[in-house]
Amino acid sequence: MKVHEYQAKALLAEFGIPVPKGRVTTTPAEAREIASELGGKVVIKAQVYAGGRGKAGGIKTAETPEEVERVAAQILGTRLVTHQTTPEGVPVSKVLVEKAVEIKRELYLSIIVDSSNRLPVMMTSEAGGMDIEEIARISPEKILKAHIDPAIGFRAFQGRKLAYGMNLTPDQIRPATNLMANLYRLFQAKDCSLAEVNPLVVTAEGELLALDAKLDFDDNALFRHNDIQQLHDLEQEDPLEVKASESGIKNYIKLDGNIGCMVNGAGLAMAVMDLVSQAGGRPANFLDTGTVNDAGRIVNAFKVFTTDPNVKAILVNIFGGMTRVDVIAQGIVAAHKQMDIQLPLVVRLAGTNVEEGKRILAESGIKYIEGTDFYDAAHKAVAAARGSIKTTQGGKN
Ligand code: GDP
Ligand code: MN
């Protein structure tokens with residue numbers, strides 16, 4: 001789960017990391033007030049769940065409170081499109097108004113979980129301000145890394161090594177080391193999957209300051225961080241993904257293809273996506289129903305598909321273990337009874353109570369195409385999306 005920059009900065013400050021003075025607001029009038037309080041030049045920053053705002057016009061500076069009000073009015077209520085968003089962009093409902101900082105150097109600092117080493121890794125670079133992917137591509141040697149053993153914690157010597165590596169001056173080494181240690185404390189205490197400060201700046205006065213902040217939290221640990229859960233801004237998420245999660249669907253990620261896939265189990269779902277691609281099609285989503293014990297969840301999954309205008313065919317691939325195939329079949333039938341679904345439907349069922357499941361579908365009167373196996377189903381779904389095969393009652397074609 002992501003949070004906004006202003007929320008991330010509040011957490012950073014709580015853990016002793018210096019951040020610029022400022023406040024968030026939803027109105028131009030209040031933006032003007034904040035600017036008056038801060039005095040002097042300020043920066044107005046669009047609050048969205050996406051980076052790359054600087055280049056996309058989401059970060060502006062202003063000299064006077066009047067100008068701040070005008071700029072805030074221009075940004076608020078728009079949608080910001082950055083290289084990290086969809087072409088539709090994300091809505092800007094809040095701006096962060098901060099005292100402008102005179103920047104001497106822009107550095108990079110982050111912590112992520114390195115899955116190949118199964119450890120958190122702290123990364124720093126002298127080339128801050130730009131995307132880390134870009135630094136990694138142009139000058140990978142400029143990225144320094146220190147793996148952190150969670151049982152031992154982040155050590156001061158690691159901090160010194162990274163700090164000297166960024167060519168900080170001797171009097172900046174200790175503040176930098178403390179800042180890194182504090183970021184790791186935050187990362188661990190809040191179960192982050194990412195903590196990124198880009199840029200971490202050296203000001204004209206020689207002080208270190210987190211000018212931007214991005215935190216991502218491990219969804220599987222959110223149950224123990226009620227404070228973090230409360231910060232979730234659903235407006236920033238894909239509406240279909242929000243709908244899916246509210247409907248009890250375990251995992252739904254919207255993609256850009258036209259075959260809606262409904263599968264139980266993440267591994268099977270990934271395999272289905274591979275097969276659909278191999279058959280020449282493109283999945284419209286990744287969807288893991290989880291273990292299904294009530295038909296209602298399947299109805300909800302169909303509601304999600306049918307709202308996606310890109311979907312041209314639906315592929316259901318279920319391997320029932322704990323999930324009962326007959327319950328799935330009841331869900332498919334119920335969805336078609338409740339909604340007017342005209343999309344071609346390809347169904348491949350296997351596992352627990354499969355005979356009963358197939359009987360329910362065959363006798364339901366709904367039109368579908370039966371996939372005899374996994375491979376057959378993927379190919380039929382691709383053909384159905386192109387309109388080259390038709391559905392029939394009873395599933396035979
Ligand atoms: P991002 O583009 O979404 O990552 O937004 P950032 O918060 O990182 O801002 C992008 C860039 O704007 C930074 O790298 C800085 O160069 C510039 N910037 C942001 N705040 C200030 C500020 O207070 N003073 C100055 N001079 N530049 C700033
Ligand atoms: Mn940034």
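The exercises below, each with a worked solution, concern a predicted model.

**Exercise 1. Helix α10**

Compare the span of α10 with the expected span, then determine which of its residues are buried and how they are arranged about the axis.

Solution. 
- Step 1. Helix α10 covers residues 266–278, which is 13 residues. From first C-alpha to last it reaches 18 Å, close to the 18 Å expected at 1.5 Å a residue.
- Step 2. Buried means under 20% relative accessible area. In α10 the residues L268, A269, V272, M273, L275 and V276 are buried.
- Step 3. Viewed down the axis of α10, the buried residues fall within an arc of 165°, so they line one face of the helix.
- Step 4. D274 and Q278 lie on the other side of α10 and are exposed.
- Step 5. The cover over the buried residues of α10 includes strands β14 (259–263), β15 (285–288) and β16 (313–320), together with helix α14 (374–386).
- Step 6. Just after α10 comes G280, with a positive phi of about 95°.

**Exercise 2. Helix α14**

Check the span of α14, list what its buried residues pack against, and describe its N-terminal cap.

Solution. 
- Step 1. The 13 residues of α14 should span 18 Å at 1.5 Å a residue. The end C-alpha atoms of α14 are 19 Å apart, which agrees with that value.
- Step 2. The buried residues of α14 are D376, A377, A378, K380, A381, V382, A383, A384 and A385.
- Step 3. These buried residues pack against α10 and against β14, β16, β17 (345–351) and β18 (367–370).
- Step 4. At the N-terminal end, D373 caps α14, with a side-chain oxygen 3.1 Å from the backbone nitrogen of Y375.
- Step 5. Just after α14, G387 takes a positive phi of about 80°.

**Exercise 3. Q47**

Is Q47 buried or exposed, and which backbone atoms does its side chain reach?

Solution. 
- Step 1. Q47 sits in the loop between β2 (42–46) and α3 (53–56).
- Step 2. The relative accessible area of Q47 is 1%; the cut-off for buried is under 20%, so Q47 is buried.
- Step 3. The side chain of Q47 reaches the backbone nitrogen of Y6 at 2.9 Å and the backbone oxygen of K45 at 3.2 Å.
- Step 4. Leaving out residues up to four places away in sequence, Q47 touches H4, E5, Y6, V24, R53, P91, V92, K94, V95, L96 and Q236.

**Exercise 4. The surroundings of ligand 1**

How many residues surround ligand 1, and which atoms of the protein lie at polar distances from the ligand?

Solution. 
- Step 1. There are 15 residues around ligand 1, the closest being K45, R53, G54, V101 and E106.
- Step 2. An oxygen atom of ligand 1 is 2.7 Å from an N or O atom in the side chain of R53.
- Step 3. A polar backbone atom of G54 lies 2.8 Å from an oxygen atom of the ligand.
- Step 4. A nitrogen atom of ligand 1 is 2.9 Å from a polar backbone atom of V101.
- Step 5. On its own, ligand 1 has 570 Å² of accessible area, and the protein covers 79% of this.

**Exercise 5. R32**

Classify R32 by accessibility and identify the polar partner of its side chain.

Solution. 
- Step 1. R32 is found in helix α2 (residues 28–38).
- Step 2. With a relative accessible area of 33%, R32 is partly exposed.
- Step 3. R32 touches P65, E66, V68 and E69, not counting residues up to four places away in sequence.
- Step 4. Among these, E66 makes a side-chain to side-chain polar contact with R32 at 3.1 Å.
- Step 5. R32 and V71 are 39 residues apart in sequence and 9.8 Å apart in space, C-alpha to C-alpha.

**Exercise 6. Backbone exceptions**

Solution. 
- Step 1. Most residues other than glycine have a negative phi, and most peptide bonds are trans.
- Step 2. A cis peptide bond joins N198 and P199, with omega about 10°. P199 is found in strand β10 (residues 192–203).
- Step 3. R118 is not a glycine and has a positive phi near 55°. R118 lies in the loop between β7 (103–114) and β8 (119–125), and at 75% relative accessibility it counts as exposed.
- Step 4. D191, also not a glycine, has a positive phi of about 55°. D191 lies in the loop between α7 (170–189) and β10, and is buried at a relative accessible area of 18%.

Technical notes: Residues are numbered from 1 along each chain as its sequence is written. Chains are lettered from A and ligands numbered from 1 in the order in which they are written. This is a predicted model: local features need pLDDT of at least 70, side-chain atom pairs count only at pLDDT 80 or more; totals for chains, interfaces and linings use all residues. Side-chain values use heavy atoms; hydrogens and water are left out. Helices (H or I, at least four residues) and strands (E, at least two) are DSSP runs, numbered from the N terminus. The expected span of a helix is 1.5 Å times one less than its number of residues. Buried means under 20% relative accessible area, exposed over 50%, partly exposed in between (1.4 Å probe, protein chains only). The arc is that of the directions from the helix axis to the C-beta atoms. Contact means heavy atoms within 4.5 Å. A polar contact is a pair of N or O atoms within 3.5 Å; within protein, one must be able to donate a hydrogen and the other to accept it, and residues adjacent in sequence count only if both atoms are side-chain atoms. A residue is near a molecule or strand if one of its heavy atoms lies within 4 Å of it. Accessible areas come from the Shrake-Rupley method with a 1.4 Å probe; for residues, only the protein chains shown count as cover.
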